[in-house]
Amino acid sequence: MDPLVVGIVAGLLGLSFGAFGVLAFRASERQRDLLEGAPGEVSFPDGAADVLAVLGKAFVVVDAIDSVVRASPAAYAYGLVRGHTVVHRELLQMTAKVRGNGVVIEQQLELPRGPIGQGSIIVQVRAAMLGEEYILLLADDRTEITRTERIRNDFVANVSHELKTPVGAISLLAEALEASPDDEDAVRRFAQRMRKESSRLAALVQDIIELSRLQGADIVHQGKDVDLNEVVAEAVDRSRLAAEAKGISVVVGGSSQHKVFGDPDLLVNAFRNLIDNAIRYSPANTKVGIGIRDKDGLVSVSVADQGEGLKPEDQDRVFERFYRVDAARSRQTGGTGLGLSIVKHVVENHGGEVTVWSQPGKGSTFTVRLPEMEQDQERQDGAARPPEQGAMA
């Protein structure tokens with residue numbers, strides 16, 4: 001073949017490959033600019049990426065067909081985005097409205113956290129135009145705040161209801177007393193009822209005060225080394241009168257060789273609530289057993305009664321505030337519905353856990369487990385340090 005022809009063909013081929021390479025490079029640059037927010041993009045404002053990075057909220061940027069152009073790690077963690085797709089239909093409805101009228105939209109949404117399970121997340125979402133063709137979704141996680149507000153509102157409503165019952169009863173009994181001053185039997189009967197309702201009201205108020213105190217308790221900075229043997233002995237002593245009134249013997253077995261870190265007064269109150277609860281729901285002339293032992297870096301205290309036991313559905317809710325398995329019987333025995341809630345709050349503040357084992361007709365056993373202190377947790381001045389993380393098994 002003529003060398004001139006070969007040279008011309010080779011030159012044309014080289015030119016074609018070069019042009020193709022330039023086009024491919026430019027296409028790659030355009031794609032990278034779209035995904036990374038290049039400063040040269042007209043419709044993606046300069047500095048927008050830097051502002052989004054410091055907002056501290058989850059964000060998603062979508063294009064004209066709702067394909068994800070950019071999303072923060074938090075948006076993926078919240079389950080708002082999967083790959084390059086916006087997961088939730090509610091978010092796509094917001095982008096459609098913004099695209100249609102150009103106004104800023106803000107909504108609070110409760111969305112599934114993942115494709116399976118019942119976990120959900122509550123987010124405050126703001127949608128707005130970003131540049132000429134993009135839409136920005138800003139999401140602020142309000143799950144914990146919303147749940148706290150719900151708990152507080154429920155608590156206030158429950159407190160109002162619980163206080164209204166004994167106050168109303170005392171008012172009616174006072175009217176009855178006033179109407180029958182010459183009937184000694186009626187006066188005596190009404191006075192006994194008033195004393196009972198007053199005691200119930202005082203117990204309820206005391207438990208509410210205790211819960212408020214727990215909210216502000218700083219175990220980490222105000223705690224000290226605590227001997228649970230002494231704590232349990234003090235709790236048993238405070239419950240002695242209630243036990244003797246029903247002929248119930250409280251028997252303590254075992255002991256702990258290790259101390260825990262915490263507030264001794266709060267712990268005494270927690271165990272007194274458990275023991276009082278066991279006495280309240282045990283038949284007369286029976287026994288309440290308390291066991292103490294060390295195992296796997298934990299100090300375990302179990303309180304067993306001989307009551308009627310709990311159904312499985314009740315065991316899941318028994319630590320809720322104001323929850324009563326048998327409301328009528330609880331009021332008759334003087335229960336406020338707050339005792340086990342206080343126990344759970346105290347134990348969790350000390351880095352431990354409280355569990356229940358129960359079967360209908362076989363009684364219930366409540367077990368508290370607290371992390372024991374290590375020997376090197378003592379300071380030279382004799383004060384104690386908070387338990388190190390990982391102390392629990």
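Predicted model: local features only at pLDDT ≥ 70, side-chain atom pairs only at ≥ 80, totals over all residues.
The largest nonpolar core has 37 residues. Within this core, L228, L267, F271, L274 and F366 have the most contacts. Several elements supply at least two residues each: the helices α8 (228–238), α10 and α13, and the strands β11 (287–295), β12 (298–304), β13 (353–358) and β14 (364–371). Helix α10 gives the largest share, nine residues.

Two packed helices are described by the distance between their axes and the angle between them. For α10 (residues 264–281) and α13 (residues 339–349), the axes come within 9 Å and cross at roughly 145 degrees. This crossing is left-handed. On the α10 side the contact is made by L266, L267, N269, A270, N273, L274 and N277, and on the α13 side by G339, L340, I342, V343 and V346. Sorted by class, eight of these residues are nonpolar, four are polar and none is charged.

The last stop is H88, in the loop between β4 (85–86) and α4 (89–101). Is H88 buried or exposed? H88 counts as buried because its relative accessibility is 7%, and the cut-off for buried is under 20%. The side chain of H88 reaches the backbone oxygen of G79 at 3.2 Å. Not counting residues up to four places away in sequence, H88 touches G79, L80, L111 and P112.

Key:
Residues numbered from 1 in each chain as written. Heavy atoms only, no water. Helix = DSSP H or I, 4+ residues; strand = E, 2+ residues; numbered from the N terminus. Buried < 20%, exposed > 50% of the residue type's maximum accessible area, 1.4 Å probe, protein only. Polar contact = N/O pair within 3.5 Å; in protein donor to acceptor, adjacent residues only side chain to side chain. Contact = heavy atoms within 4.5 Å. Axes fitted to C-alpha atoms, helices over the stretch in contact; angles between N-to-C directions. Left-handed = near helix turned anticlockwise from the far one by under 90°. Nonpolar A, V, L, I, M, F, W, Y, C, P; charged D, E, K, R; others polar. Core = buried A, V, L, I, M, F, W, Y, C linked by side-chain atoms within 4.5 Å.
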